[in-house]
Amino acid sequence: MDTSDLFASCRKGDVGRVRYLLEQRDVEVNVRDKWDSTPLYYACLCGHEELVLYLLANGARCEANTFDGERCLYGALSDPIRRALRDYKQVTASCRRRDYYDDFLQRLLEQGIHSDVVFVVHGKPFRAHRCVLGVRSAYFANMLDTKWKGKNVVVLRHPLINPMAFGALLQYLYTVASKPGTCVKVLTIEPPPADPRLREDMALLADCALPLELRGDLGELPFPCPDGFNSCPDVCFRVEGCSFLCHKAFFCGRSDYFRALLDDHFRENEELEASGGLPAITLHGISPDIFTHVLYYIYSDHTELPPEAAYDVLSVADMYLLPGLKRLCGRSLAQLLDEDSVVGVWRVAKLFRLARLEDQCTEYMAKVIEKLVEREDFVDAVREEAAAVASRQETDSIPLVDDIRFHVASTVQTYSAIEEAQQRLRALEDLLVSIGLDC
């Protein structure tokens, strides 16, 4: 079980393994074991300073004057760890899951991947993307459509614009990471006030990419974008006859699949779109509605995903190498959990390696185990898990059964709950005996 692996790795100080479990397997950083201890507590207790710093930076809770904070502080093996805990500023797990989206925008700015305009400020060049600048700033949208229209290189010589200030401005427009006071005031730009606005603005690019037949209530271009805004697409995706006008910078930067498709050896599939001469790629095995979810996720790191669409989107997200979208699907599927669906959702979670969803399923199973043992689909799942254990010996165990046992035990918080937990475990043991898996 991944959570058990996380606790063991924290005790050993295996930073690489912990990083893999948190970032790839999506294990909760603040999970608790049956002793009510967290991964951070074990890292502090065993004196692994590097691991402590990593956990703190990735959402581990350790606020002062709280149970977790005081326990970690007094259990810390060394003074450097104590100092790190005292200096700790809370970073929530949700910050860790901006995952890679903010990193992508930062790379887009720093590396200028698929940039289509260069600003030269007193001799220093800055590569940028018209679509990002236009959707983030009415000033840039207007200038790129008028004075700078058709120009691949824009030279700025205004005495109030210097390279440092312009670089800070771009940083703000791409990531909202610089201070508003550092923006170039001569451009009279009113930057978005907070990070949520950044993603809302990027979602407008997805609005603009939608084909006419799928816009629904959005209306005609430019939607809520500034008047005259042109998103400047540079690639067209054809999905069942619908044309999505998109940007290589986003698709290549967010997905290794699309980077290979657009930049590498798959480009022989490329055609020229009749409208505007854009390169056009036909995507197979996906519907326009499902691709729309992919589109919004790639541009804004989010999509409104109803549970009934989650299965189809999950399959496509796996194919397109979009782990963040897979996690969104997992959260949506978690809303479906009931006695009838939990085994099926658990199978999907295992198939697509959604560790968090798999853990949620086994936790739910533990709550209703007395009813599940009477269901054929659950019995089949237990048998399959047992068959997957190679060369079973007396000491071998069935992973699904182990996970359920763990969650049953973790619910015992009071003496009155002990009897109920024992009843659940007896129901599970009786099932194992009845199907010959009690050893």
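**Strand pairing.** I started with strand E1 (residues 117-121), which pairs with E2 in the antiparallel sense over 5 bridges. Strands pair here if DSSP finds at least two bridges between them, and strands (E, at least two residues) and helices (H or I, at least four) are DSSP runs numbered from the N terminus. Phenylalanine 119 has phenylalanine 126 in E2 as its bridge partner.

This is a predicted model, where local features need pLDDT of at least 70, side-chain atom pairs count only at pLDDT 80 or more, and totals for chains, interfaces and linings use all residues. Residues are numbered from 1 along each chain as its sequence is written, and side-chain values use heavy atoms, with hydrogens and water left out.

**The sheet.** I then looked up the strand order: E2-E1-E3, an open sheet of 3 strands with mixed pairing. Strand E2 (124-128) and strand E3 (153-156) are at the edges with a single partner strand each, so one side of each lacks a neighbour in the sheet.

**Cysteines.** My search of the whole structure for disulfides (cysteine sulfur atoms within 2.5 Å) found 0. For cysteine 72, the nearest cysteine sulfur belongs to cysteine 44, 4.4 Å away. Cysteine 72 is buried at 1% relative accessibility; buried means under 20% relative accessible area, exposed over 50%, and partly exposed in between (1.4 Å probe, protein chains only). Cysteine 329 is buried too, at 0%.

**Positive phi.** I noted glutamate 240, not a glycine, with phi near 50 degrees. Glutamate 240 sits in the loop between strand E4 (235-239) and strand E5 (242-246), and is exposed at 60% relative accessibility. Leucine 321 also has a positive phi, about 60 degrees. I found leucine 321 in the loop between helix H16 (307-319) and helix H17 (323-333), partly exposed at 44% relative accessibility.
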